[in-house]
Amino acid sequence: MTDEQPAVEPPLLAMRDIVKSFPGVRALDGVRLTVRGGQVMALLGENGAGKSTLMNILAGAEPGYAGTITCAGRRADIRRPKDARAHGIAMIHQELNLVPELSVAENVFLGREPLTARGTVDRAAMERRTGRLLDRLGLEVAPRQRVGRCRIAERQLIEVAKALAGDLRLLVMDEPTSALADAEVRRLFTVIRDLTADGTGVVYISHRLEELEEIADAVTVLRDGRFVGERPMAGTSREELVRMMVGRPLTELYPRGGAQRGGEAVRLEVTGLRCAPPDGRPLHGVDLTVRAGEIVGLAGLMGAGRTEVLQALFGVYGRRVEGTFALDGHPYRPRGPRHAIRRGMALVAEDRKAQSLVLGATVTFNSSLSALRRYRRPWLTVDRATERAEVRARVRDLRVRTASLATPVGRLSGGNQQKVVLAKCLLTRPGLLLMDEPTRGVDVGAKAEIHALMDRLAREGTGILAVSSELPELIGMCDRVLVLCEGRLTGEFHRDPARGPRAEQEALLRAAMARPVAAEPPGTGRVERVRSTDVGRADGGERR
């Protein structure tokens, strides 16, 4: 008598031979994906490889596809978002799907609001349950707060809370940490581990390979809309993953080697920057300089004031900004973005879709939008030939993957949209470039290209002030790193240790969780460690 073989449990999700075409292009060609209960399956590929399209099919947002989908061994016909929800599938999109005019609680329970015995919306229960979800994520936002007033990083965590509010069996996360600082990432990973311990499956899309080594169990790689392979995460090197993704030799990720000092000319000098943005972190006496040919980084936890510094310098807050400013040795007042552009400043904004691009307009329109004064001719006409020639040169230089310059920019992948934003900035020929999360949501190949562009611009004399939530990026690319906490500078670190404290990850994190000594004037650099309760909140602890 032979022993009976144990029954093999069918996978939580199996997608087989998935094909999806758009006009003029086959986005997916015979792709497959398998996810088991309690597993984190990483989904990798360059921008445009088909990852988001495949997940949109799974979420019911792309109905016109061929192939089969099974959930727990049963055929699933997913043609609408409602079908996905019926199978316990939730997706956190890279481009967030929140309603800015509604509150946090209303967004979290949109379409599935709890009801009272009378059949009306039970707002008290909805806000109470939302509060518990926000506590779980360590997010200090009031359930009644309007989402439009929340930062990008806060909105990403609200999307996670929205997914956790339903009957969840499979969670798809498309670049969930792209705007999160390290402390928020730690908290999110804890939530993911809790979910998988309960048997929930997770599809995790990220371009941060160091994250996958920590959180993923296995990895599936796509390239040019085709399945390349599946590997266990343990024992698979980054070099092999990059080779599978890119299919070509990859240039150095951080090309800015050696001790770069910048030129003698000071592009930007700021003394005593103060500002009280209507929906952001107040700034308290920030001092900084950026020299020609220098890359200066801004680090800090979520809500530290990094974005507010860039927006204040670019004139977004107008007369709310106080302080003394000089641009290329001449007095400067941040009156507004148009004035900043004319003075030789450009901004790569944090939220490219809301702040930098007109999604329904063409690549040409978006690229030349900020530089139209250069192509203007008499009688308010535009020199279209020169405009197209210069846009084409930038698109070719930045390796933007687009069918033509007439393609609506909304049809491009996230990484190629970011390159169009860069083209728009570069066409203004800036002497000072402000970059807010310049590699957010782009693949490792595009990230290397953007880093190489930053290095080249700096060597040509451009001053760069860059915000990034990725500490390795700041350390690898910046000549100096300034750290903010609660709208104040709490540290300055250098690539060259001969010039000051060396930029190292642990030192940056310590400074990010410190505040200036109350008796000292802002910008002195003296700091004290925050109380343990403050560290708990900064590290994702519960609200108090």
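What we have is a predicted model, in which local features need pLDDT of at least 70 and side-chain atom pairs count only at pLDDT 80 or more, while totals for chains, interfaces and linings use all residues. Residues are numbered from 1 along each chain as its sequence is written, and side-chain values use heavy atoms, with hydrogens and water left out.

Let me begin with the cavities. A cavity here is a set of points, on a 1 Å grid over the protein atoms alone, where a 1.4 Å probe fits but cannot get out, and its lining residues have an atom within 4 Å of a point. Grid points are joined across faces, edges and corners, and the volume is the space filled by probe spheres set on the points. By this rule there are five cavities of 30 Å³ or more.

The largest cavity holds about 90 Å³, and among its 13 lining residues Ala-181, Gly-300, Leu-301, Leu-471 and Leu-509 are the closest to its centre.

Four strands make an open, antiparallel sheet in the order E2-E1-E4-E5. Strands E2 (25–35) and E5 (74–75) stand at the edges with a single partner strand each, so one side of each has no neighbour in the sheet. Further in, E1 (residues 13–22) is joined to E4 (residues 66–71) by five bridges, and Met-15 stands opposite Ile-69 in E4.

How values were computed:
On a 1 Å grid over the protein atoms alone, a cavity is a set of points where a 1.4 Å probe fits but cannot get out, and a pocket is an open set with protein on both sides within 12 Å along at least five of seven lines; lining residues have an atom within 4 Å of a point. Two strands pair if DSSP finds at least two bridges between them. Helices (H or I, at least four residues) and strands (E, at least two) are DSSP runs, numbered from the N terminus.
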